[in-house]
Amino acid sequence: MITVERQPWDVMVEHAQKTYPNECCGAMLGSIDGEVKNVRLALPLENAYEGAQRERYELRPEDLLFAEREARKNGMDLIGIFHSHPDCDAYFSKTDLENSCPWYSFIVLSIQQGKFHHANSWLPNMEQTEAAKEELTHPNA
Amino acid sequence: MPKILIPTPLRQFAGKNDSVEVAGATVGEALAALTTAHPDLKKNLYNDEGKLRSFVNVYMNDEDIRFLEKEKTAVGSNDTISIVPSIAGGR
């Protein structure tokens, strides 16, 4: 289960709406207590994909290294990645799956006509062949 | 000894440590020492063919080892090795 607090949630939604009609991406920092993850800080990161960003995103490893360092500095953990799907649902696509990492939660925000619509969280497996839906709670749920 | 920083989700496989100091003169030797000391980490980092998984990047200090000498990159006692995921996607 993953819970996103109000402040990071607002940052994630604002980043997704601001980058519309392109896909956005970022890192989620917080804490893990057993099976429960709590997102306390969201870091918007640049979509580094060099083609059509309406359909793709790419995170620079250097930016994830920065996110990991920020987490350690603030006594938090890097626990997940978020990105947006402009004008489509918050599913975990084949492209998402094949370029995922099983260590993290992946929150997908559906942005319809420039506004937040709904979100889901996904947990990909090690082989990057399937992703399980993770229970997600957020202020707009 | 070089230090390897362990990403949060992998700490459960590394004795709950957020970093581990290991022996090794190269990045490859250091990672081998890490997975020998903590065997459960191996399947998270390497595929069945013994190659680093596609979503695993390794940095020595601030440099991606792919742009150095890959796993043969030399490491010293003051160096820090980071395991950084490779992540992308799209609708």
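This is a predicted model: local features need pLDDT of at least 70, side-chain atom pairs count only at pLDDT 80 or more; totals for chains, interfaces and linings use all residues.
Local features are reported at pLDDT of at least 70 and side-chain atom pairs only at pLDDT 80 or more, whereas totals for chains, interfaces and linings use all residues. Residues are numbered from 1 along each chain as its sequence is written, and chains are lettered from A and ligands numbered from 1 in the order in which they are written.

Helices (H or I, at least four residues) and strands (E, at least two) are DSSP runs, numbered from the N terminus. Helix α1 of chain A covers residues 6-19. Its 14 residues should span 20 Å at 1.5 Å a residue, and the end C-alpha atoms are 20 Å apart, which agrees; the expected span is 1.5 Å times one less than the number of residues. A residue is called buried if 20 or more other C-beta atoms, placed from the backbone, lie within 10 Å of its own, exposed if 12 or fewer, and partly exposed in between. The buried residues of α1(A) are A:P8, A:W9, A:M12, A:V13, A:H15, A:A16 and A:T19. They cover an arc of only 160° around the axis, which puts them on the same side of α1(A); the arc is that of the directions from the helix axis to the C-beta atoms. An α-helix has 3.6 residues a turn, so residues three or four places apart point the same way. The face turned away from the buried side of α1(A) carries the exposed residues A:R6 and A:K18. Two residues are in contact if their C-beta atoms, placed from the backbone, lie within 7 Å. The buried residues of α1(A) pack against β1 (2-4), β2 (25-33), β3 (36-45), β5 (77-86), β6 and β7 of chain A.

A nonpolar core is a set of buried Ala, Val, Leu, Ile, Met, Phe, Trp, Tyr and Cys residues joined through C-beta atoms within 7 Å. The largest such core has 61 residues, and those with the most contacts inside it are A:A27, A:M28 and A:L109. Strand β6 (residues 105-112) of chain A gives the most to this core, with 5 residues. A:C25, in strand β2 of chain A, is buried, with 26 other C-beta atoms within 10 Å. Among the residues that A:C25 touches, not counting those up to four places away, are A:L45, A:Y57 and A:F82.

Strands pair if DSSP finds at least two bridges between them. Strands β7 (residues 115-124) and β8 (residues 131-134) of chain A run antiparallel and are joined by 4 bridges; A:L123 has A:A132 as its bridge partner. They form a hairpin with 6 residues between them, and A:Q128 in the turn has a positive phi of about 60°. In chain B, an open sheet of 5 strands has the order β2-β1-β5-β3-β4, with mixed pairing. Its edge strands are β2 (19-21) and β4 (63-64), each pairing on one side only. Strand β1 (residues 3-5) of chain B runs parallel to β5(B), with 3 bridges, and B:I4 stands opposite B:I81.

The contact between the chains takes 17 residues from chain B and 27 residues from chain A. The largest share of the chain B side, 3 residues, comes from β5(B).
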